[in-house]
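Here is a short briefing to read beside the structure. Keep the 3D view open and find each part as you go.

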Amino acid sequence: MRGMTGRIDAAFEVVPKRVDHAPEALDVIHLANGYPVDPAKRERHTRFIAQQLERFPEGQFVAVVRDGTRERVVGTSTTLRTARAPSDPPLPWHAVIGDYGIPRHDPDGAWLYGVEIAVHPAFQRRGIASALYRTRLGLVEELDLDGWYAGGMLMGYHRYADRLSPRAYAEQVIRGTLEDPTVSMQMRRGLVPAGIIEGYYREPKAGDCAVLLTWTPRAARGATGVALAKPVPAPLAAKAAAHRRAARGTVGTSAPAAATRRGTVRR
Ligand SMILES: CC(C)(COP(=O)(O)OP(=O)(O)OC[C@H]1O[C@@H](n2cnc3c(N)ncnc32)[C@H](O)[C@@H]1OP(=O)(O)O)[C@@H](O)C(=O)NCCC(=O)NCCS
């Protein structure tokens with residue numbers, strides 16, 4: 001909605017991902033990472049999202065803004081369950097997930113693993129990724145998992161590539177003496193650095209390097225027993241069947257019932 005200031009205000013919501021979100025979700029991933037959109041890959045991504053929703057619908061979310069009846073995807077989050085703990089020797093991203101269709105998802109795995117998170121550049125710094133993280137961490141508690149972990153890509157490394165190795169840069173980001181646009185933000189959201197994974201994912205901007213980030217309900221509650229980074233609950237397990245239907249969706253449907261997080265976006 002356009003207000004008196006001429007700025008556009010739009011509420012965002014985190015909702016279960018549907019197959020028809022796929023083309024815009026892929027565009028968000030490309031644009032967020034600084035690459036042009038690639039329409040030729042939209043069909044393949046649609047197949048991948050259909051597979052994600054078949055294998056683990058509860059773990060897939062998008063953030064949307066609405067303009068009348070039109071819903072626009074501005075953020076996307078993908079997770080899977082794995083039996084591998086963050087203390088196990090780290091694997092490259094592709095080895096953990098298989099491919100974007102998450103064939104390595106283990107329905108009995110005790111850990112939630114972060115496959116992807118991205119927010120459209122025009123909608124960044126409005127709390128959308130924070131809302132997506134809270135939804136992920138809420139899912140850990142809802143499914144009674146041991147915790148969440150992922151490789152946080154060091155997307156700001158390229159600024160220091162002429163002076164530092166990826167590992168030296170990662171060490172400084174973890175110490176807090178250098179600021180990384182992705183990993184420092186993740187650490188401020190309560191995710192705990194637990195290691196450095198070189199060769200994690202082919203991304204020149206990051207020197208292919210990630211920081212192993214972890215979150216457990218026990219650590220988040222701290223010594224006081226009070227949650228430090230309180231997650232927004234994801235849809236209740238009892239609603240899983242409805243969620244599954246909403247997530248599969250039919251093209252052009254109304255909003256899914258299980259919206260999990262609202263906020264206000266200004267651009
Ligand atoms: C990393 C990424 C997902 C963050 O998304 P985002 O939606 O901008 O994240 P948030 O808005 O929740 O938080 C970002 C910052 O904006 C701030 N912010 C949130 N709401 C705000 C508001 N209304 N006004 C001003 N600042 C705000 C947050 O406090 C945070 O800053 P801080 O870390 O200094 O505290 C996004 O930059 C992105 O897609 N990057 C490229 C892909 C990527 O790196 N993915 C992760 C791979 S591991």
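Which residues touch the most other members of the largest nonpolar core? They are Ala-63, Val-74, Ile-128, Leu-132, Leu-154, Cys-209 and Val-211, in a core of 63 residues. Helix α4, residues 128-142, gives the most to this core, with eight residues. Keep in mind that this is a predicted model.

**The core**

- In soluble globular proteins, nonpolar side chains tend to be buried together.
- Leu-132 is one of the residues that touch the most other core members.
- Setting aside residues up to four places away in sequence, Leu-132 touches Val-14, Phe-61, Ala-63, Gly-75, Ser-77 and Ile-117.

- Strand β4 covers residues 111-119.
- Eight of its nine residues are buried, so β4 is largely enclosed by the rest of the structure.
- Strand β3, residues 70-82, pairs with β4 in the antiparallel sense.
- Eight bridges join β3 and β4.
- Thr-78 has Glu-116 of β4 as its bridge partner.
- Strand β5, residues 147-153, pairs with β4 in the parallel sense, over three bridges.
- Here Leu-112 has Trp-148 of β5 as its bridge partner.
- Together, β4, α4 and β5 make a right-handed β-α-β unit.

**The ligand shell**

- How many residues surround the ligand? There are 18, and the closest are Ala-32, Gln-124, Gly-127, Ala-129 and Ser-130.
- Four elements, β4, α4, β5 and α6 (183-188), each supply at least two residues of this shell.
- By class, the shell has nine nonpolar, six polar and three charged residues.

**Two residues with positive phi**

- Ile-102 is not a glycine, yet its phi is positive, at about 45°.
- Look for Ile-102 in the loop between α3 (93-97) and β4 (111-119).
- Is Ile-102 buried or exposed? Ile-102 counts as buried because it has 26 C-beta neighbours inside 10 Å, and the cut-off for buried is 20 or more.
- Asp-208 is not a glycine either, and its phi is positive, at about 65°.
- The loop between β6 (192-197) and β7 (210-215) holds Asp-208.
- Asp-208 has 19 other C-beta atoms within 10 Å, so it is partly exposed.

Conventions: Residues are numbered from 1 along each chain as its sequence is written. This is a predicted model: local features need pLDDT of at least 70, side-chain atom pairs count only at pLDDT 80 or more; totals for chains, interfaces and linings use all residues. A nonpolar core is a set of buried Ala, Val, Leu, Ile, Met, Phe, Trp, Tyr and Cys residues joined through C-beta atoms within 7 Å. A residue is buried if 20 or more other C-beta atoms lie within 10 Å of its own, exposed if 12 or fewer, and partly exposed in between; C-beta atoms are placed from the backbone. Two residues are in contact if their C-beta atoms, placed from the backbone, lie within 7 Å. Two strands pair if DSSP finds at least two bridges between them. A crossover is right-handed if, with the strands pointing away from the viewer, the path from the first strand over the helix to the second runs clockwise. A residue is near a molecule or strand if its C-beta atom, placed from the backbone, lies within 6 Å of it. Ala, Val, Leu, Ile, Met, Phe, Trp, Tyr, Cys and Pro count as nonpolar, Asp, Glu, Lys and Arg as charged, and the others, Gly among them, as polar.
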